[in-house]
Amino acid sequence: MTDCDLCGRAIPTVIPVRAIRPLLKFAYPNGVWKGLCETCLDSAQKTHLTVDKNQNSCRKNRCALCGDKTGVFPVKLQIPDFSKGVVKKDVYVCKKCLKAVDEAYIGYKREQIEQKHAHH
Ligand SMILES: [Zn+2]
Ligand SMILES: [Zn+2]
């Protein structure tokens with residue numbers, strides 16, 4: 001089991017997203033891999049779709065994936081909670097990581113479609 005890097009949910013496999021950490025650029029020139037669950041990937045991708053229209057990026061928060069502070073956008077999470085069912089929470093992700101999420105999302109959806117075709 002692994003934990004989703006955004007909501008902390010424990011799932012068998014996470015979807016890998018490559019985050020470039022500005023502070024670790026020299027140690028990790030190709031970025032570090034973060035893992036997201038499908039729910040978080042979906043909502044982060046939705047945020048990515050609105051980024052170009054949404055000029056109100058927030059500079060007070062850090063990106064939940066790479067720690068960057070140069071303009072982050074809110075991603076709505078739904079965190080499973082034992083007593084309350086689901087808890088809604090906002091995290092902030094920077095534009096670069098949202099782009100990485102979008103790439104991961106496209107690859108993931110493509111894989112799902114290919115798997116579906118393989119069964120027929
Ligand atoms: Zn998650
Ligand atoms: Zn980031």
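**Figure 1. The site of the zinc ion (ligand 1) is built from four cysteines.** In sequence, the donor residues of the zinc ion (ligand 1) follow the spacing C-x2-C-x29-C-x2-C. The donors are Cys4 (SG), Cys7 (SG), Cys37 (SG) and Cys40 (SG), at 2.2 to 2.3 Å from the ion; donors are N, O and S atoms within 2.8 Å of the metal (3.2 Å for Na, K and Ca), and sites may look incomplete as water is not among the atoms. The arrangement is tetrahedral because the 4 donor atoms subtend angles of 105 to 115 degrees. Four donors count as tetrahedral if all angles lie between 85 and 135 degrees; four count as square planar and six as octahedral if opposite donors are over 155 degrees apart and all others between 65 and 115, and anything else is irregular. For four tetrahedral donors the ideal angle is 109.5 degrees. Both Cys37 and Cys40 are buried (buried means under 20% relative accessible area, exposed over 50%, and partly exposed in between, with a 1.4 Å probe and protein chains only).

This is a predicted model, in which local features need pLDDT of at least 70 and side-chain atom pairs count only at pLDDT 80 or more, while totals for chains, interfaces and linings use all residues. Residues are numbered from 1 along each chain as its sequence is written, chains are lettered from A and ligands numbered from 1 in the order in which they are written, and side-chain values use heavy atoms, with hydrogens and water left out.

**Figure 2. The site of the zinc ion (ligand 2) is tetrahedral.** The protein donors are Cys63 (SG), Cys66 (SG), Cys94 (SG) and Cys97 (SG), which lie 2.3 Å from the zinc ion (ligand 2). The angles among these 4 donor atoms are 107 to 115 degrees. Along the chain, the donor residues are spaced C-x2-C-x27-C-x2-C. Cys94 is buried, at 1% relative accessibility, and Cys97 is likewise buried, with a relative accessible area of 1%.

**Figure 3. Strand β3 pairs with strand β4 and has alternating side chains.** Helices (H or I, at least four residues) and strands (E, at least two) are DSSP runs, numbered from the N terminus. β3 and strand β4 (residues 32-36) pair in the antiparallel sense over 5 bridges; two strands pair if DSSP finds at least two bridges between them. Within this pairing, Pro16 stands opposite Gly35 in β4.

**Figure 4. Helix α1 packs against β3, β4, β5 and α2 through its buried residues.** α1 has 13 residues and reaches 19 Å from its first C-alpha to its last, close to the 18 Å expected at 1.5 Å a residue; the expected span is 1.5 Å times one less than the number of residues. The buried residues of α1 are Cys40, Leu41, Ser43, Ala44, Gln45, Thr47 and His48. Thr47 has a relative accessible area of 9%. Leaving aside neighbours within four places in sequence, Thr47 is in contact (heavy atoms within 4.5 Å) with Phe73, Pro74, Val75 and Leu98.

**Figure 5. Salt bridges join side chains in several parts of the model.** A salt bridge is a side-chain nitrogen of Lys or Arg within 4 Å of a carboxyl oxygen of Asp or Glu, and by this rule the count comes to 4. One of these joins Asp68 to Lys96, with the closest N and O atoms 3.3 Å apart. Asp68 lies in the loop between α1 (38-50) and β5 (72-81) and Lys96 in helix α2 (residues 95-119), so this pair ties together parts that are 28 residues apart in sequence. Asp68 is buried, with a relative accessible area of 10%. Another salt bridge links Lys76 and Asp90, whose closest N and O atoms are 3.5 Å apart. Lys76 lies in strand β5 and Asp90 in strand β6 (residues 85-94), so parts 14 residues apart in sequence are tied together. Lys76 is exposed at 57%, while Asp90 is partly exposed at 34%.
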